[in-house]
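Hi,

Here is the model I promised to pass on.

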Amino acid sequence: MDLHKKYLASLKDKKNSFEHAVTEYLRMSGVYWGLCSMYLISSEDLLNKDEVVQWVLSCQHPSGGFGGSVDHDAHLLYTLSAVQILLIFDKIELVDKEKIANYVAGLQQDDGSFYGDEWGEVDTRFSYCALSCLSLLGLLDKIDVNKAVDFIVSCMNFDGGFGCIPGAESHGGQIFCCVAALAIADSLHHVRADDLCWWLCERQTAGGGLNGRPEKLPDVCYSWWNLSALVILGRIDWIDREKLRQFILNAQDETEGGIADRPGDVADVFHTFFGISGLSLLGYTEEDEEGIPGLRRIDPVYALPVQVLERMNVRVWRAV
Amino acid sequence: MLEQLCGSSCSSDETFTIRKGAVVVIGDRLAIGQWCIPRLLRFVKQNLNDWATCQDSSNVKQLIHLTRALLLIVADHATAWNHRKRMIRGKHIELLHEIDFINLVQTKFPKSQEVWSHRKWVVANMLKSTDDVEDFLEKEIQATARAATLYPKNYYAWTHRYWVTTRMQSVPECEAKAEDVRRFCRLNVSDSAAHSFRTSLLAFRAYRWLEDGQRRDEHMVDMIRNELNHCITTLDQHPAHESVWIALQGVLHVCGQCLVDERVKVKIIPTIFLPLVGSSDLMEELRAWELFLRDSKSSASSSGSQGSKWRARDLLLAWALQFARSHVHFDDPTATDNSHALRFAAKTLSKVDQQNLLSSPHEKPVEAVLHLKAEILRLLICVCPMQEQAWRSMAN
């Protein structure tokens, strides 16, 4: 755990690196992954709260939306990440919630789908971002939730899975977005839970890791995408938990800290976050007597620490 | 720009030596040293915003250069693509030239979602202004084919291809496209994205056909048959590929929806389903069952057609079970082929359950099918123990 703390703390010092430069466009999400990881391992004080909050606020546009970094265009993905960061830091009162909600609501289309930004890309990821963001701000009534649900359901495939648009291939990441969005909208009855969970549990490969689509390599990030969907649908026992846990632990970098996409590869903040979250979802938290001390619980729908949601009086997910 | 930045000139007298200059030449390949990328990106960043906010036309050229440099390194930089969209709107960049630039970027970043997203925006604008829509869409399909070859299971390439193909008006063209993809699938058996494209296209055409009261798509029945035959022959040669079993599941799903049409039944059932199923015990059991159903339903409605609908669906499920069973090595549970065939069989059985074919308050359950179900689930738990709870849930 200490190595992971060291790894996460070191990220802010790598500002001149190649990786830092080429990932600037998604920095808002990167900060959310890093901060949430720190919170889950009880070390959120590693970041300078005021400095980060100021930076987040400086990425907001007059429209109300947030960009991925300073001078980057507003987008729904980074608007959600910004809200998540401010919630973890308990600084959401610094922003005009109505303004953000109006930006998000303005992206909904007639068929219920959401544009990611003014340029018109449609993707079920954006449906999730919109529903999650508005729900966290307590302003879900700004959109037509029924139509949003209709669009998501139109992206359901014969195998029970979901793609990014109607007709697109079922994919672990998209499945998380759709299932979590339907959970927020109280519309999980549309999901063919058995069919979908059979598809999801078949993603577990011989080594214990999960892949996102048939015949692909396992990747630690699916320990979040697939696993959270299984948790929401109440079928986490349909995979071998111990083998998955072992896969995630084997993907840790034992010298520098952090978690990679699979054992043997280089760690990054994205996979570190999803690996830690996966372990939390699997139940190895400090609340369990055999759990990892200091590992906190994460909510499978909002991808935020349970303690943060409880502080805000947002419903924490309990699988049916 | 690079010389300006890094103050070093490049020399390529030693073709196979890696020097610490900004630009490196190795053989016939040109590369930029990784160490100078952060500096280049800082330069671009410092200037990009200034140039973007000025409306001066001379700045536009510089903005085009800056975004081009940036996107060849960081293709996911959405804001840079957005600047280019604004320049396209301002008629400073031609749509066709932008397609050329995207093609270049995609030789290096064939799977980047941001690039495909920008491409879709450009294409949508092209479709509004071009006269030769079909020709243009054809070129788009070739672009997706290149990307799919560069990066296997390319999610966004195949999604774009689906978006483009479903816009083609000409149905024979559509069928020719389906055959191109089947050919690709024969050579790339594990490409789940390609298989998914085929089943989605089949579903798209099938639902449109079903909604058309006159059923004008003459090629629909052939397409269903071609897809089924493709799955069958591929699985007979490569039974250990999960993607193909899932594709078969998808094709059967569509086929089941289309069985309401007599032409589908008449052309597909005798040639594909009956030969394999015809004389099996399973078929006899299910035939007896459908007769019972038809008799009990005929008192409620007028239906000969209701009865024949049941018969066709039962047949399809029986065939699916029989096909899966033919690929299972019951005497050697650890055979590599087994796992996917068993899973397919189990899912088919769950469909049989869903159609209440296994029991009724009036008749005893269909024994052969129940016995098969138990056998398959027992083997599944043995072969795929990680998903034991999932298989046990199927038993209930």
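**What I found**

Starting in the middle: the largest nonpolar core has 225 residues, and those with the most contacts inside it are Phe162(A), Leu228(B), Leu248(B) and Phe273(B). Keep in mind throughout that this is a predicted model. Leaving aside residues up to four places away in sequence, Leu228(B) touches Leu248(B), Val251(B), Leu252(B), Cys255(B), Ile268(B), Ile272(B) and Phe273(B). There is also a second, separate core of 11 residues, with Val122(A), Ala168(A), Trp116(B) and Tyr156(B) among them. As a general point, nonpolar side chains in soluble globular proteins tend to be buried together.

Now the place where the chains meet. Chain A puts 46 residues into the contact and chain B puts in 52. Between them the two chains bury about 4300 Å², with 54% of that on carbon and sulfur atoms. On the chain A side, Trp119(A), Phe158(A) and Glu215(A) lose the most area to chain B, together 20% of what that side buries.

The polar side of the interface is worth a look too. There are 21 residue pairs in polar contact across it, counting pairs with both residues at pLDDT 80 or more. Helices α2 (18–22) and α10 (193–201) of chain A each supply at least two residues of the side that touches chain B, and the largest share, four residues, comes from α10(A). By class, that side of chain A has 17 nonpolar, 10 polar and 19 charged residues.

How many salt bridges are there between chain A and chain B? The count is five. In one salt bridge, the side chains of Arg203(A) and Glu242(B) meet at 2.8 Å, N to O. The side chains of Glu202(A) and Arg343(B) also form a salt bridge, at 3.5 Å, N to O. That pair crosses between chains, from the loop between α10 and α11 of chain A to helix α16 (residues 338–354) of chain B. Are Glu202(A) and Arg343(B) buried or exposed? Both are buried.

Over all chains, the search finds 28 salt bridges. Within chain A, Glu98(A) pairs with Lys142(A), their closest N and O atoms being 2.7 Å apart. This one links distant parts of the chain, 44 residues apart: Glu98(A) is in helix α6 (residues 97–105), while Lys142(A) is in the loop between α7 (124–137) and α8 (145–154). Glu98(A) is partly exposed at 39% relative accessible area, and Lys142(A) is partly exposed at 30%.

In chain B, Arg182(B) and Glu179(B) form a salt bridge at 2.6 Å, N to O. They are three residues apart in helix α9 (residues 171–187) of chain B, so about one helical turn separates them. Arg182(B) is buried at 1% relative accessibility, whereas Glu179(B) is partly exposed at 27%. Shared partners join Glu179(B), Arg182(B), Arg186(B), Arg198(B) and Glu227(B) into one salt-bridge network.

Last stop, helix α11 (residues 222–232) of chain A: 11 of its 11 residues are buried. Trp224(A), Trp225(A) and Asn226(A) are among them. The cover over α11(A) includes α9 (172–184), α10, α12 (241–250) and α13 (269–281) of chain A. Just after α11(A), Gly234(A) takes a positive phi of about 75 degrees.

Cheers

Notes
Residues numbered from 1 in each chain as written. Chains lettered and ligands numbered in written order. Predicted model: local features only at pLDDT ≥ 70, side-chain atom pairs only at ≥ 80, totals over all residues. Heavy atoms only, no water. Contact = heavy atoms within 4.5 Å. Buried area = accessible area lost by both parts, 1.4 Å probe. Salt bridge = Lys/Arg side-chain N within 4 Å of Asp/Glu carboxyl O. Polar contact = N/O pair within 3.5 Å; in protein donor to acceptor, adjacent residues only side chain to side chain. Nonpolar A, V, L, I, M, F, W, Y, C, P; charged D, E, K, R; others polar. Core = buried A, V, L, I, M, F, W, Y, C linked by side-chain atoms within 4.5 Å. Buried < 20%, exposed > 50% of the residue type's maximum accessible area, 1.4 Å probe, protein only.
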